[in-house]
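Please open the model in a viewer with residue selection at hand. The stops below are meant to be visited in order.

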Amino acid sequence: MDDEAARRNLFRITPSSPSPLASDPASPAMATAADPASLPPSASPFSSTGALESVPFSSGNPRIEETRGVVLLHPDPPAAASSSSSHLPVGRKPRVCVPAVPNHMTYADFCRFCGAFVPHMLEMRIVRIDGAEDQYSVLIKFDTLSSTDSFYNHFNGKRFSSLEGDVSCVRFVEDVHYTQLIEHAHSSVTSLAEQPTCPVCLERLDQDPGGILTTICNHSFHCSCISKWTDSSCPVCRYCQQQPEKSMCSICGTSENLWICVICGNVGCGRYKGGHAIEHWQDTEHCYSLELETQKVWDYAGDNYVHRLIQSKTDGKLVEYNCYGAHGADGMCSICSGDAGMDEAILNSKVEAIVEEYNDLLTSQLDKQRNYYESLLLEVKEENEREVSAATAKAVSIKHQKLQTKLDKCIEEKRFLDDINANLVKNQEMWRERIRKVQERYFVIFEL
């Protein structure tokens, strides 16, 4: 790998495999964030021994896989000498970290915040600092040390927005260690292979001089492409860096075993906690409630689950829930336990009911589709008739105008010929009179 590619791969890792540091058993990076004793003295989490401070971080989609590591930061220079390059860390590298970026700032907002420094950035990587739920951090690699110092002097202590009090803090980075890869679910096919191209423009990542930005879910883009993405979610997997607030019971405030009413949105705890969800049903008769953890719908009136689709924990897609039995309040299924013959009869009745319901639904949808397309055909037919009538009227009008023009021309020619005919008749009488006079003179002369 050439020097340019090595510089560009400083922060980027393959989402499905740990970094080369983590693959070496003798490397200190093999230590996990949970085992500070196995790290070097300056690399223990939240320690500041020596001249460096180590801060644990993580990245990746928590529902699929997480990559954990430790970033070694230089201490901040004194406030009075922070603007002087002589007081900057000795032996510093062209790498900085911008911690505590507010979650409401999207990737495009941060690129606009960096402004003219973006062309000098080889790579930006978005990570989460442990303990900061409403913030994220950015690891940045610059092309030159002078660009790094200019970025530090310009943005250290600067507000992210003039309307808010959040202030940016820039720290020089000594090194980054990737320590652990945690898989929470089977990765999809797209995450098993490295993406050498930008998913937005489909060009190679190493061909854009503007640098590479790796999102918090380990997807890489050109900075010029991601800066046009105004949403806070990833363009590839739609993972959002700004996670929603944790739900809690509206009565007791607990965050365990929560149910949300699908009619009015009231959040209450289950009957094995405070029972506020079932009390809401008794007060309002809103009988359908969704369990937030399993995404299943419970019918209090029928005292069973009535959902058809649930959300997969692997990729977030909706999949069919294949258990057709009635569930009790303890979560036991009538098909999964009990008499086999009775279970088969219940299953068959459930299947028949579902098939009948599906057929009715399909028939009603087909009728709606037929009515819809028939209305479209009627509109097209009426439009065609209007267009034909308009075209016929236009053609008749044009033909009438042409015939009227010819008629006027013929009338004009007839008038002209009538004038000529009248003149010719008049001249004929005159010439006859002259001929008669000439003949009379001739006879007179002949008699003489």
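The model is predicted, so local features need pLDDT of at least 70 and side-chain atom pairs count only at pLDDT 80 or more, while totals for chains, interfaces and linings use all residues. Residues are numbered from 1 along each chain as its sequence is written, and side-chain values use heavy atoms, with hydrogens and water left out.

**The cavity**

Select Cys261, Ala277, His280, Ser289 and Tyr300, which lie nearest the centre of the largest cavity among its 13 lining residues. A cavity here is a set of points, on a 1 Å grid over the protein atoms alone, where a 1.4 Å probe fits but cannot get out; lining residues have an atom within 4 Å of a point. Grid points are joined across faces, edges and corners, and the volume is the space filled by probe spheres set on the points. The count comes to one cavity of 30 Å³ or more, and the largest cavity holds about 50 Å³.

Next, display strand 9 (258–261), strand 10 (267–269), helix 6 (276–284) and strand 11 (288–291), each of which supplies at least two lining residues. Helices (H or I, at least four residues) and strands (E, at least two) are DSSP runs numbered from the N terminus. How many residues of each class line the largest cavity? Eight are nonpolar, five are polar and none is charged, where Asp, Glu, Lys and Arg count as charged, Ala, Val, Leu, Ile, Met, Phe, Trp, Tyr, Cys and Pro as nonpolar, and the others, Gly among them, as polar.

**A buried arginine**

Move to Arg125 in strand 4 (residues 121–129). Arg125 is buried (under 20% relative accessible area; exposed is over 50%, partly exposed in between, with a 1.4 Å probe and protein chains only). Arg125 has no salt bridge (a side-chain nitrogen of Lys or Arg within 4 Å of a carboxyl oxygen of Asp or Glu). Glu123, the nearest side chain of opposite charge, is 5.1 Å away.

**Helix 4 and backbone positions**

In helix 4 (residues 145–155), the buried residues include Ser147, Phe151 and Phe155. Gly157, with a positive phi near 85°, follows helix 4.

Finally, select Ala100, a non-glycine residue with a positive phi of about 60°, located in strand 3 (residues 95–102). Ala100 is partly exposed, at 30% relative accessible area.

Conventions
On a 1 Å grid over the protein atoms alone, a cavity is a set of points where a 1.4 Å probe fits but cannot get out, and a pocket is an open set with protein on both sides within 12 Å along at least five of seven lines; lining residues have an atom within 4 Å of a point. Lys and Arg count as positive and Asp and Glu as negative; His and the chain ends are not counted.
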